[in-house]
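The structure was loaded first, and the notes follow.

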Amino acid sequence: MSDLVIEMCVCGLLPRHKPQMKTEWDVESAIATYNVDGWGRGYFTINGSGNVEARPLQENGGCIDLLEVVNEARNRGLGFPLVIRLQDLLRHRVESINRAFQTAMSEFGYRSEYRGVFPIKVNQLREVIEEIVDAGQQFHFGLEAGSKPELVAALAMHKDPESLIICNGYKDPAFIRIALLGRKLGKSVIIVIEKLEELEQTIRTSKEVGVEPDIGIRVRLDSKGSGKWSPSGGENAKFGLDTTNLIAASQMLKEAGLTHCLKLVHFHVGSQVPDISTIRRAVREAARYYAKLAKLGYELGYLDVGGGLGVDYDGSRSDFDSSTNYSLQEYANDVVWNIMDVCDSEGVAHPAIVSEGGRAIVAHHSVLVMEAFSSIEKTAPKLKVEAAEKDHKLVGDILDVKQRLKRGNRIESLHDSQQIKEESQQMFDLGLLDLESKAKIETVYWQLAQQIVNMHRGLRFVPEEVKQLEISLGDQYICNFSIFQSLLDHWALGQLFPIMPIHRLTTPPDRNGMIVDITCDSDGKISKFIDLQDVKETLPLHRISPGEMYYIGVFMVGAYQDIMGDLHNLFGRVTEVHVFLDPDEESGWYIEEVIEGSTIGEVLAMTQWDKVELMRLLKSDVDAAIKSDRLKPNDAMKLLADYERLLQEYTYLSFNGAKLPPPGNWLPLS
Ligand SMILES: Cc1ncc(COP(=O)(O)O)c(C=O)c1O
């Protein structure tokens, strides 16, 4: 958005770089403001109408105007928030990952193959798994299950005997039995041993069931991950066998006569690894374990590098937690080359490489669209405040500061006004300041603050206190969603997601704001946004037009967010639409499936409330009210019908057809 222009200093000698706002706003400015090219990776851009456009196949396919999808959803009477799933994008990611490994293997002359798996935990939705399995068929792409329910789903979904099902996570006898059942059905199920007792259990259960297991061992690497999920790796990791346990496991397998069943070495250094050197180090260490086991006589065959393949949420291409300093191809190259290098140096055959990167497959495919239906603004620039005779003296004082404000005394004026505001709060606490005077002082204070911030715009040096002032001047955009349901990783871990309006981008955003949700929790807000250098506390946004809905999209929410969300305030699952590209359609796309969000009745049932019982209880109150003449029978029936209807409705707010009032500060000050 800002161009660097070189201009001469007032003193006339030294050239000075001064960031200058582009005077003309266009779509390119919008793309730069929200760094769409950085995180969008060719999957998202802004079209000439100023709407965000998805390109699920990047430059190789059609595009989908997200506002058109939103309007279609609205026409169908669907509620918001709304998740838009771009099914073709899922396919594109599966193909990209497989192709990246194939490219690396053929470039380096790797003498084995890639057998990736999708970890179901990252997104368990049936339609998502179906799409991935279908797209992955040509590559023998498999599934990873970390629990009994995930394994139950994986076994039913898995059809290709050449693709793998990897079983991770702690296991009980039932888990092991169902995995062995999969083997009986001709599926390639590998049970990954997370702790020594599990091996004992697996050996025992396999004897009971009469099926030899395919076994993998998760090794506890010394290499620790980096980023927010780094505790998954290193010597204090909760899963995996250290070297002593590995030797014990080897002994157990020998005693059971099952050494030929050990097929795979596995490790996982954590999700969203931002720095490629972490991956490189871990891969080399695991490859060394693989090679040493192979030299002990184990046939093995697979080396599983786990998850960790990150995505660039902020588009900075750096080793910041929300980014990655590597591309998909670099990741594949490093995994393949380092395994090859270690195996060659040990004189061991190249293993088939398994990877379990799920985030990199599903993150981009879904977008959460929410309605910003109101905003809270601190400033009321047009409100003219005058001191009346009955006003407290401090009103006159702050008006005086405002009148005297000029460039030369802007910081002094800031300090004076801050002191007056502070004093007025103390007077109010002591009961010595009336409400109207307090309102006037605060109004003038925020007007002054805005003027002072404006005076610093475009300056090379902006004092920290002015930067903070600008943040505190930010609006609050109230959005119809729950952070606890839809963006849990942001709330719990500070994970950043790209967020921006999905329309109106032919005009420049004229406000800065944070986003607050509709839960009653003060934590229910987003006040950390992606930035190329740092983390921003406000987001450039447009003022909400009276009577119009303003749609804000949260991008790259396809990994983990759906399932980890909780029922805080009983806001349930979000409505979603599954969108496919179709060149035969006029729009170029169609909605194949709608999954309605939870109804009020459904979320109440999850917390043990029975709809029939609720109706019965309310009816008895209504009957009593009719009997005592507090309610007419006709009104009573309407009330009961309303209550019953509500139980069938979406849990979130509904503005369908509602005219929104203009936002702002309407204090009648004179
Ligand atoms: C064993 C295992 N494999 C794969 C994954 C998925 O990794 P990612 O989030 O990097 O896709 C995880 C998640 O942390 C995991 O624990």
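What covers the buried residues of α6? I worked on a predicted model, in which local features need pLDDT of at least 70, side-chain atom pairs count only at pLDDT 80 or more, and totals for chains, interfaces and linings use all residues. Residues are numbered from 1 along each chain as its sequence is written, and side-chain values use heavy atoms, without hydrogens and water.

**Helix α6**

I found that the cover includes β8 (142–145), β9 (164–167), α7 (173–184) and β10 (188–193); helices (H or I, at least four residues) and strands (E, at least two) are DSSP runs, numbered from the N terminus. In α6 (residues 148–157), Glu150, Leu151, Ala154 and Leu155 are buried (under 20% relative accessible area; exposed is over 50%, with a 1.4 Å probe and protein chains only). They span an arc of only 135° around the axis, which puts them on the same side of α6; the arc is taken from the directions from the helix axis to the C-beta atoms. Pro149 and Ala156 are exposed on the face turned away from that buried side.

**α6 with α7**

I noted that the two axes come within 10 Å and cross at roughly 10°. α6 and α7 are therefore roughly parallel to each other (angles under 35 degrees; over 145 is roughly antiparallel). Lys148, Leu151 and Leu155 of α6 make the contact with Ala174, Phe175, Ile178, Ala179 and Gly182 of α7 (heavy atoms within 4.5 Å).

**α13 with α14**

I then checked α13 (residues 393–404) and α14 (residues 410–429), whose axes come within 10 Å and cross at roughly 165°. α13 and α14 are therefore roughly antiparallel to each other.

How values were computed
Axes are lines fitted to C-alpha atoms, for helices over the stretch in contact, and angles run from 0 to 180 degrees between N-to-C directions. Angles under 35 degrees count as roughly parallel, over 145 as roughly antiparallel, 65 to 115 as roughly perpendicular and the rest as oblique.
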